[in-house]
Amino acid sequence: MDGNALAARVRAEVKEEVAQIGELGLATILVGDDPASGNYIRRKHQAALEVGISSTDIRLPAETSEAELLERVEALNEDDSIHGILVQLPLPDALDPARIVRALDPAKDVDGLQPLNAGQLYLGRPTLVPATPVGIMALLAAYDIRLSGAKAVVVGRSDIVGKPVAQLLLRQNATVTICHSRTRDLARETLDADVLVVAAGHPALVTADMVQHGATVIDVGMNRTDAGLVGDVDAAAMDIAGHMTPVPGGVGPMTIASLLRNTVEAAQMRARSFAFPCD
Ligand code: NDP
């Protein structure tokens, strides 16, 4: 499954929408100097600029206090030129990510982690949804993967990937199983999957013999090893799967494209006074 090609299409659509909307602003906050986080942020800004979204890159020292960070978030919440805000996780240990994420204006929460947005997804009425799951669902749709009645297995239960993608699959009427580090027999679960999404952060956690013949496999993992960037699924599973995302070039580019889409979505929601579907 070619994430690069689909992401290019999504970015082109977003670029047209941005041109129609006019000025659009995305702000990111990075606390500390984690090189991987710095790299992600750089790619997000580059992608934003390419579609005409102006971006504000706020870098704060690792020793930033919670009060200082909350003040920055509040200022961005109030800034009318900013339509999307993203606080890059993980934060340094002294900062509580839950408190920071809670402080975000839900209408600008392009990572979809603010409790109001997370709750809306849980209630089956999604508003802003984390970008990686949005990108995964777009890939499944682009390749016409049948989800209704399918057995979907998600490996990983993070707030940013595992849980939200499970909710989106459920919404498409898949029968969803969520696996995690305490799952007793992972292979038994994965072998049953028509659609397998793996987001665990362990190279080759899922080997070819754990994949059902003809299954659709979405490999979210991004692991830097001596052999370069690898996913969570052994590449040999490509021969068994009906469809599979490569690493790199699968979910990664779709995550960035979906973040841009979320920024447009946030601006459109604000133009509608951010009426939640429940209002
Ligand atoms: P987290 O570390 O937050 O979550 C990992 C999950 O995997 C946890 O729920 C954990 O279980 C589970 N897990 C760990 N080991 C096992 C195991 N042996 N068997 C079954 N489940 C296991 O990671 P993220 O969700 O943030 O990211 C997962 C991977 O996806 C990483 O490689 C990350 O870099 C990548 N990623 C890629 C993106 C992209 O755009 N391509 C975007 C986001 C993430 P438990 O809860 O029990 O600890």
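Glu-17 counts as partly exposed, at 21% relative accessibility (buried is under 20% relative accessible area, exposed over 50%, partly exposed in between, with a 1.4 Å probe and protein chains only). The model is a predicted one, where local features need pLDDT of at least 70 and side-chain atom pairs count only at pLDDT 80 or more, while totals for chains, interfaces and linings use all residues. Numbering runs from 1 along each chain as its sequence is written, and side-chain values use heavy atoms, with hydrogens and water left out.

On to the salt bridges: a search of the whole structure turns up seven, each being a side-chain nitrogen of Lys or Arg within 4 Å of a carboxyl oxygen of Asp or Glu. Glu-17 pairs this way with Arg-261, at 3.4 Å from N to O. That pair links helix H1 (residues 3-21) to helix H9 (residues 251-271), 244 residues apart; helices here are DSSP runs of H or I with at least four residues, strands are E runs of at least two, and both are numbered from the N terminus. Shared partners join Glu-13, Glu-17 and Arg-261 into one network.

Helix H9 also supplies Arg-270, which bridges to Asp-80 in the loop between helix H3 (66-78) and strand E3 (84-87), 190 residues apart. Asp-80 is exposed at 60% relative accessible area, whereas Arg-270 is partly exposed at 25%.

As for the chain overall, there are nine helices and 10 strands, and 47% of the 279 residues count as buried.
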